[in-house]
Structure formats: C-alpha cells, structure tokens
Amino acid sequence: MSSYRIQGATGDWEVVIGLEVHAQVTSNAKLFSGASTAFGSEPNTQVSLVDAAMPGMLPTPNRECIRQAVRTGMAIDAAINKWSRFDRKNYFYADLPQGYQISQLYHPLVGEGTITVQLDEKDPESPVKAIGVERIHVEQDAGKLMHDQHPTRSYVDLNRSGVALMEIVSKPDMRSPAEAGAYVRKLRSILRYVGSCDGNMEEGSMRADVNVSVRKPGEEFGTRTETKNVNSVRFVMAVIEHEARRQVDVLEAGGKIVQETRLYDPDRGETRSMRSKEDAHDYRYFPDPDLLPLVLDDGFLAECRASLPELPDPKRRRYETELGLSAYNAAVLTAEVETTRWFEALLAECGSQVTAKAAANWLISDLFGALNRLGRDIADSPVNPAQGAELLALIADGTISNTLGKQVFEIMLETGQGAGVIVEERGLKQTSDTGAIEAEIAKVIAANPDKVADYRGGKDKLFGFFVGQTMKAMGGKANPGVVNELLKKALG
Amino acid sequence: MTKLTDLTVAGIRDGFRAGDFSAREVAEGFNAAVAGAKALNAFIVDTPDHALAAADAADAARAAGDAAKPLAGVPIGMKDLFCTKGVQTTAASHILEGFVPPYESTVSGKLWEAGAGMLGKLNLDQFAMGSSNETSYFGNVISPWRRNDGGNAAMAPGGSSGGSASAIAARLCPAATGTDTGGSIRQPAAFVGISGIKPTYGRCSRWGVVAFASSLDQAGPMARDVRDCAIMLEAMSGFDAKDSTSLDLEVPHWEAGLSSDLKGKRVGIPKEYRVEGMPAEIEALWQQGIDWLRDAGAEIVEVSLPHTRYALPAYYIIAPAEASSNLARYDGVRYGQRELPEGANLQDMYAATRSAGFGPEVKRRIMIGTYVLSAGYYHAYYTQAQKVRTLIARDFAEAWDHCDLLLTPTAPSAAFALGEKMADPLAMYLNDVFTVPSSLAGLPAMSVPGGLDAGGLPLGLQVIGRPLDEQSVLNAGLALEERAGFTARAEAWW
C-alpha cells in the first residue's frame, strides 16, 4: 500500500497527499453568537444579529466550541497552545455576511499532533503509519447566498453562518488513496469518540479539501492542486486517483501543473478547475480587533483532559490484553464509538458466566449480520444490550445451544420478545434427558442399518450424520454434548 | 430664571428633582431649540417624541414619588453612529440611509435606562472618518462659532463628533454621546468650547456602535462641563458580555469623586508635543494650563514620549486597515442601499453599491486599509504600525513612572473654516496629532476649554491619564475648568 505507484510512460510516479478536513464542532450554539446550530432547519431560523453582520454587532467566543477543539487536539496528542488568536480573513465572497471570515492563521489553538492508521484496514496485524497533523484551528462557516434566483434580489440563508468548524490540517504524509481514506476514517472515529463532531459527511458536518501532487519517487514535492469540499471518504479516494492520473498525464505530455483550486464532480468522476492561484484571492489577514487573544488556563486544560474518553487505539489494545479478544475482533469493536458503547453495555449486562469473547463473537457475527440484513446500524439496533445479554446468558448456562441461540435471536428480531420468554413459551429449552435421547438414537440406528455398518467399518465421518439425525429428531433441543456421548456409546 | 436650555445636565437633574420644572418642559424647550437650528445641520434625524416620552415617564415617576434615575428628565443628543431601535441609523452615510435597526446599542440602552430621552440622531463625519464634519452624506455640520473678524465664514465644528459638539455649544442639547477613535470627541469639543472625555478603551461597550476601527473606537460623553461628563460617563460605562473587549469592572462614582484639589499629583508635560509650526496662542494656552494645574496643587514635571511622531502615521495605517475590514459588510445585500445597474452581476452590484454608497474620504480609507493589509505589503505597513503602537504604549507606561497625568493642547489649531482643509487630507489628518497617541494606547483622555484665540475661537486643553484612572483625568479637567472660567458662548445667528 505504501508502494502505491502510478504507471506512466516515463516510469512510476508517487502521489503526495495532504488533507484539510473541516469538521463542524458539536455544540448547541455558533462559534461567536448564541444562535442555534440545528441541521435542516428552515432558512434563517438559526440566525442572530451577529451572524447577519448587522451594523455594530460583535463576536464573542463560545467556550464550548473552544473546549471541543482543545479536547480534539488532546485526543491526537497535539500541542495545545495556551495562547491563540483569532484573525480576520478578508475577501469578497458572496456567502460571508461580514465580508470576512474569523479564523486562526497565525496562532492556532492546536499545534502538531499525530493520527495513526492501519496500512491495511482489513488486516489488524498490518503495519501502522503515523500521519502528522500540522494544526487544528477553529473558524466560522459561511452562510448561503443565492444571487441568481431573481433578477434584482438575493436569497439569503444564514443558518450556517458562524457555525464553528475545526480545520484539521494534515502534513503531506499520505502516499496513496487508501492511506488518505484510512486517515479520514480514523480521524472521524476519533472525533466521534471525543464527541467534538458527529462526523456526518452527508450533512456536511465533515468535508475535506484534498491537496494532491505527484513526483518521481525520491524527488522534490511537485506543484499541488487543491480540490475543495469533498464530502465522502470514497470521493476523497476518487479525487486522489483522478487528480494524480491527470497530473501525471499533464507532466508526461510536457505540461506544467498549475497551482489551483479544483472542484470534484462525482457524477462525471473528474476534477475541474475552479480558479487558479493567479487570480486567487488576496485574503488580507490581520488579528481580529473585536476579539482578545484566547488565553487558556491550566484548570480549563485539566478539565478538558479529564473529560476525554478512552480513545480507539488504547481501547483496542486493552480489549486484546485484558479481555483476551482476537486482534480482529478488538479492531472491529473499537472502530466506531457506537459499537464500542454497545459492546461495553452488553458486557456490563452480562454476568460473569458470559465471556467477553463469547459476547464479542455474538455481536460481530450474529448482531452485525442481522443489522446488515435489516439495513440498520447499531445506533438503532432492534435489540438492546440487556436483551443481548439475556440471550448470551441462556447459551452460557446451557439452557439453549448455540444453534438454538441463533433461532431464538431470529425470533427476538421478529417479535421484539426477550430470549427467556421465547425459550419458555416455545419450549425451546435444551434437553439433557438421556432417556429421551437414547430412545431417539435407537430409532435412528434402527432406520439406518447400512450407515451403521459403514460407520462400524471405519467411516468415522458418518458420526456427524448420526448427530444430525438425532438432533433433528429431538427438534434441535437436545444437548449436543449429551447426544455425542450417548451416540458414541450406542454405535460402539 | 435662566432658560431651561441653558442648564447643564446636573442643573436639569437637580432642578427636576427639586420640582422647579417638569421634564416635559425641558424636553419641549430642547425640541424647540433643535427645530429652530436647522442652519447648523447638527441633526440627521429629530426624535422629539422620544424625548417627550422619556420626559413624561420621568414626570410620572416623580409624581409617584420616584425621581431617582440619574438622568431622569434629561434629554440628550445621540451621535448617529449608535444603533437606536426603531430610529434610522446611518453613520452619516448614503449606504445606510434608511437603515432602521431592530436593536438598541448597549450605550444608548444604558442612557435610556438611566432616564434620558433622545432629541435626535446627531450628524457626524461619514462612518466617523473626518476631523471637520465635511464628509457626512447629509451635509456639513456648521459650528455655531464665528471668527470675530467681521466675516461670516462657516466654521468647522471638528470631527467626527461634530454634530454632537455643535448641538451642545448651540444649546440644542445639554449633553450628547460621542465616539473617539483618534480624537473624535476631544478635537470637536476643543473646537466649540465644550468638554468631552474618551474613557479607557473597554469602559463603554462597542456593541451596537457602527464600527470604524474596532481596536480604537470608544464611546464617551460630550457636555458643557466636567461634572456633566462625569454624570454621563457613569451612565454609559459598564461591562457588557456582548463585547469581548469590554472591561469587567465596576463603574466608579466619578461625579461623587470630583475634586479639583490636585495636591500630591504629578503632571507630566511631554516635550515631544511641542510641534513645529504650532501657533503661539496654543503654546501660550498650554503654559497657562501648566500654571493652572500648579495652582491646583500639582507638581509639574517634564516627561518624554519619544515615539510621538510615529503615532499619526501608525494610526493612519491601523485605523484604515480595520475600517476596510469593518466596512466590507456594506455590500448592498442585506440592508441599506443597493445599486443594481442593468444587467449587473454580483460583483457589479457590489461595486456599484459601494461606489454610490461611500463618500470620498471613506473610500480613501478603505483603499489605504486594503492596500496596507494586502499580502505583499502587510509586514511593511500593518506589522510595522502595530510595533509602533506597542512602542507608544510603552512610552506612556514609562511616563507613568514619573507622573500621574499628562497635559497637552487638544489640537494644534483653533477651528478652521469649512472647506479650508478639504483639499489636503494630510493637513486634515494633522488635526489629530495630539489626540491619536493616547488613542493608540487606549488611555482615558479629556478635552476642556481653556480660552479663546485672537479670532475669538475656543481652544482646548487635553488631560491624559493612566488606564482606568478617569477620576484623576476628570479632577484635573475640573481644576482647569475652575481656573479657566470659560463662559464664552457663540452668539446665536442661526
């Protein structure tokens, strides 16, 4: 994977990728006003005078937004800058009601950090790579103005105007579309663990600007292009593939890469030039004179740190060492915070009889299988952890077999009933009644004299056939251990 | 009995409390004065009903046994840079013509809370940019003063708070709000022979004040005397969570603390303020001021503010830089004027709106500000100017090791005739040479009238104080006021 190469006529090319991820901060209010941030509201219902840039309005920082950005920085082991400052980024852009964006160019809140990704996400044993994060700064989102809907009027929706974003800027450390995809997924996982961003790319809570350049391996960085506002992991990867290929083609044809901003068109699967750097905006940054520098005290930082949850990587290691889970299961269970929460709630509900391993296996195979089939995710699972624990306890104490367990689970999904009730009402209890089992075994043997002869003649594999027949005759309820034991005795 | 419109704020307040007259009588008197002084062009909008409503409320409260509000019965003028709920707020610009804010600025809200009523919105230099009140879209404000040379040249009332200055000097209101970015309270106060104080940056909330240069803008009162300034400032000041540069401090009882005894105070005379070409009369007045303060018990010391001469250039980089950004929101999209030429696209609409909506001085400063912030010039201009600002603040901090207050002239000349300096923006900017350094340092500073020049025009003295030490500034102002005995007033010709 790290040896991802693009084959060109002049040999192999290496792609160099850096990502700027904009993540909307989870908070009830905007970065500099008290207005709400609910998604999907009617236009202009989430707007304060400040967001509308009315004359004389002033921004005041929202502590919760700052707190979330600091916690995010701590989660990637980044340096937190106790002194940071807001700058104005001035440029004429139709969607900025103030005519400038408040951001942090010179003194960001969060400095350098690291995000570690598995080079092969499917293989938890594969090597990992640390991808550098240059900085995280907070800034305000723009509004939406449409000027082409009416001959003399502009349509204005300022619901998003002033919403807090974290801009998470990676170093140009990624070398393949897969690495970039892994980075975005891991970043999203961390944000969701921390609770600083819901990571919902469809709703625009997270979007990426993708910086791509190509070079011959070992050479200097080439000229890069930036593709703006890419809103899914799949598209991030597609942009890199297309853009790297395009750049290689341009270079090999003797052309030069122009540093420019591009747009991704998912319908046509291509990137297109948006504006070149020559006519790029002169942003005219300077410290925002309406805002004092942000100074964080030790108490605030300590509170931020104390509020951090156990993060995916340490959690995964703990699942392996303390719970004895396989590397694969630990990786699957810790990838998404909802899965982890569900799993830990399940463990808490299970008695000591149920092993973590059994719980993990059931969750990953049975529950995930059912959710896949139903097209639901774990957050709206039809079965809750307490119900899952009840089922697992019945299996663990031998009341039902694994096979019966699957059957009971299906009924749970259909009816919403608890496992105990189902087992009781439908008489699905496993039986170890040797008399009844022996009687059925006798019938099976009597009905299959030729197979008995073959078995006794050395065809050991036929044993499974007898087990199956007996279980069938018992309606699946026989204790498989007892069946095995009695069959062996009966077959001699 | 003196005319009600000749009373000071304290005089109105005390007379009203004593039952000498009703608040309605006061409001009616001033409403009539405002209506009769159109020739001064001091007001953009008259609001007689606002003044009457506040007066009636005060009268009703008094009848119910409550006359305790500090400004009950006092009508005032409001600089049209303060957003006033339901009343057109233009910053004297075409681009905001017709803009009626659905909100009240913190400062104006505090004044209404204190019982004051509004006579109208006062004219000013457009977006507070100017030193003569010749840049208003609504026409020049005329000073009530005239030279004693027999001519009748219309005089500049100073700027940007020229409407406030002119209205107070002409007895159209007993007091008014001003804003001071580089001297916009003090210079016009000096030009028309009234008092005005710019408090420490952060004392008065900027919320709801149309921004010119955010790091410098500070509201303050203008009135006929020092006591009135103290009363008004108490009502205007105070912490506001909606302005993150607002100071979270109790408001001192400045009026109660007034004392013209300066024993134990050391007053510094900054030698760098003796600028070349300063009229001898200003020099003489300054010396007179020194003697007055010594007479009041102060010890006089010479101090040095070595970076003074860099203050004006630094100011005329920083203020336009901030202004160019603050004024970007006036784009014709959400409020105010919108110019849409036939077939215009968005960029054309912006350009047409801003071309038509801003006056020449505002455009000049937007251009300067845009230039000094542009990528290639940022460090050469803006960064350098900020360094100068730091050095100037340090100069003052070091001066405070040697003295408690500074005394300087307010402006390098008396008022000039309208039109005299409009052709030369740099000459105009020189008006602010004495007021700008303390603005850059965020210090409290006050102008009080000291006397008249040979032309019969007022001259002002400036007192600058330590951060948050408005009390000492007011007290020194009071000591000067008592000794100057300034009673001259403009002959009513309007």
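In the predicted model, A:Asp290 and B:Arg206 form a salt bridge, with 2.9 Å between the closest N and O atoms; the term denotes a side-chain nitrogen of Lys or Arg within 4 Å of a carboxyl oxygen of Asp or Glu. The count between chain B and chain A is 1 salt bridge. Residues are numbered from 1 along each chain as its sequence is written, and chains are lettered from A in the order in which they are written. Local features need pLDDT of at least 70 and side-chain atom pairs pLDDT 80 or more, whereas totals for chains, interfaces and linings use all residues, and side-chain values use heavy atoms, with hydrogens and water left out.

Across the interface of chain B and chain A, 17 residue pairs are in polar contact, both residues being at pLDDT 80 or more. A polar contact is a pair of N or O atoms within 3.5 Å; within protein, one must be able to donate a hydrogen and the other to accept it, and residues adjacent in sequence count only if both atoms are side-chain atoms. On the side of chain B that touches chain A, helix 9 (311-326), helix 10 (346-357) and helix 11 (360-373) of chain B each give two or more residues. Helix 9 of chain B provides the largest share, 4 residues. This side of chain B comprises 22 nonpolar, 9 polar and 8 charged residues.

The contact (heavy atoms within 4.5 Å) involves 38 residues from chain A and 39 residues from chain B. About 3100 Å² is buried between the two chains, 60% of it from carbon and sulfur atoms; this buried area is the accessible area (1.4 Å probe) lost on putting two parts together, summed over both. B:Ser244, B:Arg329 and B:Arg334 supply 20% of the area that chain B buries against chain A, more than any other three residues.

Over all chains, 29 aromatic pairs are found, that is, rings of Phe, Tyr and Trp (its six-membered ring) with centres within 6.5 Å; planes under 30 degrees apart count as stacked, over 60 as edge-to-face and the rest as tilted. A:Tyr106 and B:Tyr378 are stacked, because their ring centres lie 6.1 Å apart and their planes are at 15 degrees. A:Tyr106 is partly exposed at 32% relative accessibility, whereas B:Tyr378 is buried at 7% (buried, under 20% relative accessible area; exposed, over 50%; partly exposed, in between; 1.4 Å probe, protein chains only). Both residues belong to one aromatic cluster, which also includes A:Tyr91, A:Tyr283, A:Tyr285, A:Phe286 and B:Tyr382.

Key: Nonpolar A, V, L, I, M, F, W, Y, C, P; charged D, E, K, R; others polar.
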